[in-house]
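Here is my note on the two interfaces I looked at. Please read it alongside the structure.

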Amino acid sequence: MEAIKRTTPASEAEREAIDGLLGPGEDHLGRDAIAGHVVRGRRHLLLPCLHALNDRIGWISPPAIDYLASRLGASPAEIHAVASFYGLFSLSPREPVQRHVCIDLACRAAGGPTEHSVDDGAHPAPCLGLCDRAPAAITIGGHDPEPDPGLAAVDRANDDVLLRRVGSGDPVDLDAYRADGGFSALDRARELGPEGIIAAVEASGLTGRGGAGFPTARKWEAVRTQPVTPHHLICNADESEPGTFKDRTLIENDPYALIESMAIAALAIGCELGRVYLRGEYLRAHRTLSTAIERCRSAGLLGSSAGFDIEIIRGAGAYICGEETAIFNSIEGYRGEPRNKPPFPFESGLFGQPTAVNNVETLMNVPSIISEGRRADRRLFCLSGAVRRPGVIEAPIGITLGSLIERAGGLPRGHARWSCRRLRRSGRP
Amino acid sequence: MLGGAAGGFAGPADLDLPLDDARLREVGLTLGSGVVMVHDQHVDLVDQLRRIAAFFRDESCGQCVPCRVGTIRQEEAIERLAAGTGEADLSLLRDIAGAMRDASICGLGQTAANAIQSAVVRLGVLT
Amino acid sequence: MTAIDDTRPEIATVEAMIDGVTVRVAEGTTILDACGGRGCGIPTLCYGETITPRNACRVCMVEVEGSRTLVPSCSRPVTEGMVVTTRSERIDHSRRMVLEFLGSSVDLSLTDHVEEWNAEYGADPTRYGPEAARVDEPVRIDNDLYVRDYSKCILCYQCVDACGEQWQNSFVIDIAGRGFDARVSTEHDVALPDSGCVYCGNCIQVCPTGALMFTSEYDMRQAGTWDEARQTQVDTVCGYCGVGCNLRLHVQDDSIVKVTSPPDSGITSGNLCVKGRFGFQHAQNRPTAD
């Protein structure tokens, strides 16, 4: 790599933002770029560094890119390439705090703006996962960003499994979670061992809830039996499919259940560090999950004594990063472009090592499968648009579309010229 | 809309449809990530399709040709159809959809035409 | 004296069926190579001999039994029992569309074989209308040695990989932006003299579309004097240092007009440094009449 010398150095604030993650830098500016394996081995810190710059300064300046390049042993062109990939980052000056206004399907149907009609100074944003309160907007950036408004709306029913704890008190109260039977599934999983866990998951019929529907037990077994180590677990929480907000709901309301689920999955596949790739716009979920992880570490449930830990990686506004191989490139500090398959993630995933990628809802099915032998026959549905009570609904797989819409209160009065019931008779509006 | 922008559209005749992946697959739909977005007669479905097309154009990573160019050609064809011109654009949309589904590297490109095709075929939007 | 073990390890092979014909090839052979490599009839655009294929253009797609989607033949290895079809309605449709997608968005006038493939697959890039978005980029002339015209770029990634870890390790260019706005770029699109470019020209060597071009060639094309029919190619060895890189001099009217290196050269694999690539002026400084 060729070192380039430019006249403008990074500002003190920019260097502080980066040094906060990489440690104090030597005075590289008068010298050639520092390279070497140790420096280049920190490439996975690129995305967090870009976030640090974006949150603090509001944008990523050319001198900041040069400084970051020198600190990571990469070229400025590579850093620029990554920074320019993500929707949440700006390469031109702007204020640190930005308003992002949803221009996507549910919000548009609810009278929200289009790409061309958002207010001056606000950013048009793809679906923010706030369809239950369309039209929606959030504020991002700054030192202490305000989390997005309120918890997601949820239609609870008595026989809910996945949503059982949603809305039932302080989501980060660890004692309450344990009093409610929390972490007993993990104890049971330890008794079962990896093969026992996978057998139980197989018997439950659990399949991926992110969209592709792959059998979870087969994925885990494939990773578990790989000779190459370490094995990685990634919880895909980059929920970006327009109209989807169930994973946000789960994390915001029941973070310990996700931690427990990941600990069980890690046990099954033989993994010591799990990663949650969390959508960059989900600030409340980030705050809730971070607090929950900290409290688990303090209680010895995560960390070196527990043999398993979890870190959160914040996405930066790219739908493609929910793709299971793009997620690897993004975490590793490269452009979030998908990789070719084969090789498949179970053999060559994150850092080229065996990796299981599971969606949040998929993982949240696991504790009750392990402790109660439950079948995975329920799913979460994200109801939005022209219904009386938009929100997340848990229902048995196979429920009819009409019944689901009725559970969401049906169509609002005066809004529709047909009701579900009438429709069923006549067939067409 | 079922399953999100990468999913498809069901119509009033589908209210008795059981939401089960195997059953949905038989009729060319998917549960995807569990999206059920309900639109009544006040919603401009053509406008929704324009946004779906723009969404995939925005979110394509640009690595492979079928998705990088296909998503923008799809959007252009939809804009023309929305403006009421070009019968030929419906078959063009089908052509684009086939190439994106068959030749894209990843699921984004492979599903970027799903919802639009299902709205055209199942609901007769744009026709 | 120790006896020399003369038994060579047997090369593992796999058997597959391609277009109804059984073939046996070494393990790891790609479908494209099993079919005879470049020129076998399967079109390729982003594929280059000296760079690991990224299979980004998707024009070489074939059908593999059991695969939901088509498969890039340039990079998918043949596996035991694989059943491959290299021509079908589905494949032809996909190739036609890729040719149309590229033809309607970038200038392929200098890309080999495009016209014949357009005819073969019935591709009509004009059917997207005059309003179809194109990659509209000004020609970048910011140094004396080569010119960058990204309105011809198909984003094959070969220049990025040649500049980066596969050959030069300079990492001066990368893909910036996303989707249709993705471009090969230096950081912030700075001019090459302000970047770390070492002018090895290995990016020009691998560019399949003429987006990267010697200034000498660009100037002659602008003046209408570039004529490959009148050019001869002379292979020689670079005299600058002791490495002994193979040079291929492209000569028109007794003047060197550009320099490449044979991609199959065991020494250079098509790569050169700035001296070998661009330092040819001294060779044609002839004494003047006075």
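How many residue pairs are in polar contact across the interface of domain 1 of chain A and domain 3 of chain A? The rule finds five, both residues of each pair at pLDDT 80 or more. A polar contact is a pair of N or O atoms within 3.5 Å; within protein, one must be able to donate a hydrogen and the other to accept it, and residues adjacent in sequence count only if both atoms are side-chain atoms.

1. Basis. This is a predicted model: local features need pLDDT of at least 70, side-chain atom pairs count only at pLDDT 80 or more, and totals for chains, interfaces and linings use all residues. Residues are numbered from 1 along each chain as its sequence is written, chains are lettered from A and ligands numbered from 1 in the order in which they are written, and side-chain values use heavy atoms, with hydrogens and water left out.

2. Domains of chain A. The assignment (automatic or from a database) gives domain 1 (12-83), domain 2 (98-140) and domain 3 (155-372). The centres of domains 1 and 3 of chain A, taken over C-alpha atoms, are 30 Å apart. Eight residues of domain 1 and twelve of domain 3 make the contact (heavy atoms within 4.5 Å).

3. Domain 1 to domain 3 of chain A. About 820 Å² is buried between them, 56% of it on carbon and sulfur atoms. Buried area is the accessible area (1.4 Å probe) that two parts lose on being put together, summed over both. In domain 1, A:Arg43, A:Leu47 and A:His51 lose the most area to domain 3, together 56% of what that side buries. The rule finds one salt bridge across this interface (a side-chain nitrogen of Lys or Arg within 4 Å of a carboxyl oxygen of Asp or Glu). A:Arg314 forms a salt bridge with A:Asp55, with the closest N and O atoms 3.2 Å apart.

4. Chain B on chain A. Here 44 residues of chain B contact 57 residues of chain A. The buried area is about 4,200 Å², and carbon and sulfur atoms give 60% of that. B:Leu15, B:Val38 and B:Arg51 lose the most area in chain B, together 17% of what that side buries.

5. Polar links between the chains. The count is four salt bridges. A:Arg379 forms one with B:Asp21, the closest N and O atoms being 3.6 Å apart. The rule also finds 18 residue pairs in polar contact between chains B and A, both at pLDDT 80 or more.
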